[in-house]
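The tour below moves from one stop to the next.

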Amino acid sequence: MLLVLSLSTVLSAADWREAAAGYRFVFPRDHASHPEYKIEWWYYTGNVETSAGRRFGYQVTFFRVGVDQAPENPSRWAVRDLYMAHLAVSDPEGRRYRFDEKLTRGGPGLSGAATDRYHVWNEDWTASLDDQGRHVIKAAGERAGVDLVLSEGKAPAINGIDGISQKGAQAGNASHYYSLTRMPTRGVITVDGERFEVSGESWMDHEFGTSFLEREQQGWDWLSLQLSDGRELMLYQLRRSDGTRDPRSSGTLVDTDGRTTHLAAGAFTLAPTGQTFTAPSGATYPIGWTIAVPGLGLDLRVSTPMENQELFTRGAGIAYWEGLVDLAGTSRGTRLTGRGYLEMTGYKGSLGRVMTQ
Amino acid sequence: MQSRLFNQFILRRMAQERTRTLTTVVGIALGIAVVLAIQLTNASSVRGFETALTSVAGRTSIEIVGTGGIDETRLPDLGWLRAFGGMSPVIEGEMAIVGSGPDTPQQGSSTPSTRTERGFRAPRTEAVKVLGVDILQDLTLRDYALGEVQGGSTPAGSKPEGSMPEGSKPEGSQHEGSLTSQQFLELLTSPRAIVITEKLARRRGYALGDELQLMAGDRVSTFVVRGLLKDEGPAKVVDGSFVLMDIAAAQLAFDRLGRVDRLDVQLRGDGRAADEAAATAPGSAEIDAALAAISARLPAGLTAQRPSRRGEQVERMLAAFHLNLTALSWVALVVGLFLVYNTVTISVIARREEIGMLRALGVTRRQVLGLFLGEAAVLGLAGTLLGIGLGRVLADAAVGLTRSTVSTLYIATAASTPALAGWHIVLAFAIGLPLSLVAASLPSLEASRVPPTAAMRGSDRLESRVRLRAAVLVAPAMVLLAALALAQLGPVDGRPLFGYAASFATIIGASLLVPAFIFLLARSLAGPLRRLLGVEGLLAHANLAAAIPRLSISVAALAVSLSMMVAVAVMIGSFRDTVAYWVGQTLQADLFIGPGLQPTVGSEQTLSAPVIEAVEAHPGVEAVDSFRNIDLVYNGNLVVLGAGNFDLVLSHGSLLFKAPADGREALRRAIGTESVVVSEAFANKYGTRPGDTLTLQTPQGPRPFAVVAVYYDYAVDRGVIVMDRGTFRRYFGDLTPTGLAAYLKPGFEPERVRAEVLASLDEGHRAFIYTNRDLRAEVLRIFDSTFAITYALEIVAIVVAMLGVGATLLTLVLERQRDLSMLRLIGAARRQVQRVIVIEAALIGAASQAIGLVVGLALSVLLVYVINVQSFGWTIQFRVPVTFLAQVSIAVIVATAVAGIYPARRATRLVVERDE
Amino acid sequence: MGMPLLSATDLTKTYTGGTTTVRALDGVSFTLEAGDFVALMGPSGCGKSTLLHLCGAMDRPTSGRVVLEGRHLAELTDDELTKLRRDRIGFVFQFFNLLPTLTLGDNIALPCLLGGMATAEAEARAARLAERVGIGHRLRHYPQEVSGGEMQRAAIARALVHEPALLVADEPTGNLDSETGARVLALLAELNREMGITILLATHAQEVAAASGRVMRMKDGRFASAESAPSAPGAIALPLPDANAVPAV
């Protein structure tokens, strides 16, 4: 998401709508695009496996970054929004991590995000709802591809408080953010031309807003975890450039019935275990984490079966780590496991300044 | 032994006869130089286009094109092309930089009168190639090496931000030393942002952040330099005259909203890794396979081709023009070779005794042959070497002379003379050496037949008087008959090869007739010369009559070049009269309005709404016709497809119809139907007649159109198809016009209306408005400049021929030194002897010009009725420019007389035999 | 006695070729009276041709002076020398030096024509002289159509057509067989005798010298001796060709 932010830096927020408290989500309308906000993304991650038990992880993200709400040039090629898309497939057994990306403009309908229904596309990569309300995502790059159908599963979980997920000290530095936390998934994953029929569970995030981070915010660590007891946990921790934890870090716990509990910064801790991985880009990522949510009695340990899941984009020239993780720990003393996705950004250089509006 | 003999017998003599050797070498050199210069010139126009094509094409293997461009809304349906590799939509064109640099005050406030001056030709403007791309897509196809760039982009209405400090890249960037595609895009997002080359910036003194004004069509807009490109990829286009902008900005600037010019596709090597550095260029077979696969799937109206196809089309379009220049350039060479023949012949005749002596001493025939061929080889070698150097110089001049023609009539090209390539040098030697040897073979053979007894014969230097035998007329008669037969044959692949062969045969036949002609001339002129010119006339005639065989060569050479000039003069004169008549008949409108920048192939220029409105709004304007021209590929060739308002043509305008008889009625019936009229050049080239059906590539695919009439047009030799605006719109869309013709109400002065319309335009719009009279003058001016190169080539050939005359006279003078001394001894004054020689020279000129006139008229018939028709397809009314020919004739006689001055000076040296 | 027609005083002439200098004449003096027939004799290279050239105003001496009819040749310009040659001197050479492309008639008339005389008068004179030297029937022929003797007769006629004061002849018989040579020589003697034409002739043939009135022998650029020829110029009395006879050569 950092990349998106960096894309947005070139433009003023003046004409864009800011995320404000009191937003009421309506579905499926809110799956569709919100072009009045500057930044918007649709984020799918999932842990799936073949019938033989071979495990894969995938990530498909569609970004829309507003550039100029009303370009003076009447050309269809005038850049109102930039569209970016990332595709990554993790194959721990084959030790393969493959990714692809797209960075395009809308042009005459080459990329876009519909407002009347859920349909976002970046050239031939698409995500949309089919007539049964299922999410259909198709993205094929040279070395990785997904063609998946996802049921919504639990109702959308609204993150934050009062329809708003605060990211910075200023009022506007926030987003509207909901998640589909456990989506039964079925389809095909392709790695280096090899096709695998898979099924499993996915997680979708949809977030839109206009300004997010502030100058001192260095990056973040984000986790989406599907616990074996039927609950899901989302946590993100904003890191400040002085090395401290930002008070706007937060999380959401989703119950088995879909009810949500907002976790403020003080309600949890998220700490590296000390296990690190130095990626080809030069960034060093803490790839093991411990989570404690004292109020819920949760003590969890996050690890990954695959160290190198760094995604390095040519278009934006930015690297981040995004990959499948395993989970083990206890809930009020009861052992539980789980799977999920971990995203770590801002480990390469200081992005705080760049992101500032 | 042989080399020593060669050294003593040939080289020493050549050194002694410096003047003759030098003239011959210079003659060959000029011939070679002209041929090379024309090769280079021809290459410069096509190569200019092709190198631009290649540097812009980058890694493009295949391009998708459509007539009039591609409707951009079709692009999403072409997503399947991505399976083949990267693709990028492109807008490409030409703009002119207006004003000399950022420091000069803007010219926008210029008065209407200065605006109508040919601003785009003025030294302060410079044409640049403009490429509009979506940089996000384009980086897979083309390499742009950005040097300096300006800081963060500032879209309209927002305050500048310091988010990206100037000259530095964001710290998040992972790329060392280069911008990410996203940052590159940021540079270009504004519709006024451009990136130019460092070369251009240096040349015109632009710095980052400077504003510069570019004119496209009739619009002048201000752009800001946001970045500088190093000399790589497309930036290498002709001398760095390259401007990169965003595709949206380019669409706006060129007024091509809604369409792109083409879609460039880069083929991905099969199974290649995503890391592109490792990707190798696809092979030819791979491209062919992909072309077939893509063509099979492309929707109607779109064509897939290699980028080089456009170069081939331009090459074909220019082929006739180039072939004519090449043919002309060979005249100078042929004349130069006459000189070799001449020189070696003289050398052989003058040295019969010595040859006889050598033979008596035991030198074989083959050795004698070798000696004289060796002389030719030395001359040819020296001439070629000199010619190569000279060719480069002449090429610059020739490029200068043809540049405006090529850019006016064919393609926009910042023509600079290409460097001499290795193959040019090989070509020069391949032409110069063998042809010199061929030219020398006859006299050398003759030398080898000189018997040893010739050594004893004493002073038989001068031949005795010549007798005319009927037998010598057989060969020329047969050659001339062959010429007649060749003239009846049709073109080969659109080239009048048999026409050229007929011309060549005519020249050869006429040359063979020269001795007989001079003989008759000499016989009939003896009396008159003596009466008119007294004793000098008597002597001059006597001298010439004695040297007919040798003189024939010089006269033939001169006559050949003169005949070419006469022929070309007659052809051009006829052509000019025809065009003048046609212009008078067809140009009926009172005002003609065009964009400030002239459109050419690959550089479409259009008129914009404000200009059209300004014209229509003027109270004096009664009716306005608008034209729209686009390039159309027909039978693999580029032709012009034009759209006009047939109603208006019928009510106000005038076309000269060739067929059918009632062209106006045909035009009336064409309105609203799938009908076209075609130009005569088109009809000739493709054998089209009224009633035929043409299948044209429309954006909807191939569609049939009925040809209802053929009209005369002398403006476009590649052929024009015209349809009614309504029909055009149905198939090709409502494209903005490329020109307007305005008819005024009675009582309105065109000059005033023009001034008023121009005054009503704002600073951002520049139209060229010609009054009817101005345009007629302009048409003829363009016509004349087109033929400037032709005359230049003629003059070189004539200069070479004059050198030949001078050299021949000099030789005769040297040979007759004893006679001339004797004349001086018996009392001839220096001036009398000089006058004799000058009269001889003038007589040679007169004889040559007489032959040149006759042969030239014959050649002009070939040019007008065979070569022109076959290569350009124009009907030209034959007309003889009598005054011009009379002037030329006098000039030629004076010039040859002048060529006799140096030999005349040499002739007065008194040589007395000394006591040994 | 009046002024001599020609006086040469202390004439020297050197030719420089490369590093060597050849002294062709070395202080030669002599005079020629009107009506004289003088033969210069000597081997090849003795300087007789050079002396002839200097006396004929064809060349200028390195030093010394030549006075012809009272005029110092050294003081004359090139054009004046040309005029002098055209009006006062006639030339006959070993090679006949007729222009091959002119008829004998035109060749003979040439000096008059060059001098600006009207064509008709020049042609009449040419015809008269041709008649006199015995080739009247050859006027319309070209040089290569007639014999060597006839050519030399034509050359003599051309040398005399403008009535010069001095006839300069360089080996006039050198290119002719002996019989023809004798006839030409006889013609010269006759012209000297009958028309009083002054003749300066160079030869290395004894019999030619014998026909002259005075023989001057030269060697190495100087006179070896001056001797009078046998008094009677007609000593070699060869019959003049009949005007109608066709020469045998």
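In which sense, left-handed or right-handed, does H15(B) pass H23(B)? The crossing is left-handed, a term for a near helix turned anticlockwise from the far one by less than a right angle, with clockwise being right-handed.

Some ground rules. This is a predicted model, where local features need pLDDT of at least 70, side-chain atom pairs count only at pLDDT 80 or more, and totals for chains, interfaces and linings use all residues. Residues are numbered from 1 along each chain as its sequence is written, while chains are lettered from A and ligands numbered from 1 in the order in which they are written. Helices (H or I, at least four residues) and strands (E, at least two) are DSSP runs, numbered from the N terminus.

**Stop 1: H15(B) against H23(B)**

Select residues 548-586 of chain B for H15(B) and residues 788-815 of chain B for H23(B). Their axes come within 9 Å and cross at roughly 165°. Axes are lines fitted to C-alpha atoms, for helices over the stretch in contact, and angles run from 0 to 180 degrees between N-to-C directions. H15(B) and H23(B) are therefore roughly antiparallel. Angles over 145 degrees get that label, under 35 is roughly parallel, 65 to 115 is roughly perpendicular, and the rest are oblique.

Show the meeting residues. From H15(B), they include Arg550(B), Leu551(B) and Ser554(B); from H23(B), Gly804(B), Val805(B) and Thr808(B) are among them. By class, this contact has 11 nonpolar, 5 polar and 2 charged residues. Here Ala, Val, Leu, Ile, Met, Phe, Trp, Tyr, Cys and Pro count as nonpolar, Asp, Glu, Lys and Arg as charged, and the others, Gly among them, as polar.

**Stop 2: Thr808(B)**

Stay in H23(B) and center on Thr808(B). Is Thr808(B) buried or exposed? Thr808(B) is buried, with 30 other C-beta atoms within 10 Å. The cut-off for buried is 20 or more such atoms within 10 Å; 12 or fewer is exposed, and in between is partly exposed, with C-beta atoms placed from the backbone. Leaving out residues up to four places away in sequence, Thr808(B) touches Asn342(B), Arg550(B), Leu551(B) and Ser554(B). Contact means C-beta atoms, placed from the backbone, within 7 Å. Now draw a distance to Ile553(B): the C-alpha atoms are separated by 9.0 Å, across 255 residues of chain.

**Stop 3: H9(B) against H15(B)**

Select residues 308-350 of chain B for H9(B). H9(B) and H15(B) pack at about 175°, axes 9 Å apart. They are therefore roughly antiparallel to each other. The contact divides into 13 nonpolar, 4 polar and 1 charged.

**Stop 4: H25(B) against H15(B)**

H15(B) passes H25(B) in a right-handed crossing. Their contact has 20 nonpolar, 9 polar and no charged residues.

**Stop 5: H10(B)**

Select residues 352-360 of chain B. Ile355(B), Leu358(B) and Arg359(B) are buried here. They line one face of H10(B), because the buried residues fall within an arc of 100° seen down the axis; the arc is that of the directions from the helix axis to the C-beta atoms. Just after H10(B), check Gly362(B), with a positive phi of about 105°.

**Stop 6: chain C on chain B**

Color by chain. The contact takes 29 residues from chain C and 24 from chain B. On the chain C side, H1 (48-55), H2 (78-88) and H3 (104-114) each give two or more residues. H3(C) gives the most, with 5. That side has 12 nonpolar, 11 polar and 6 charged residues.

**Stop 7: Val120(A)**

Finish in strand E6 (residues 119-122) of chain A, at Val120(A). Val120(A) is buried, with 25 other C-beta atoms within 10 Å. Beyond four places in sequence, Val120(A) touches Ser33(A), Trp42(A), Phe62(A), Ala113(A) and Ala127(A).

Technical notes. Two residues are in contact if their C-beta atoms, placed from the backbone, lie within 7 Å.
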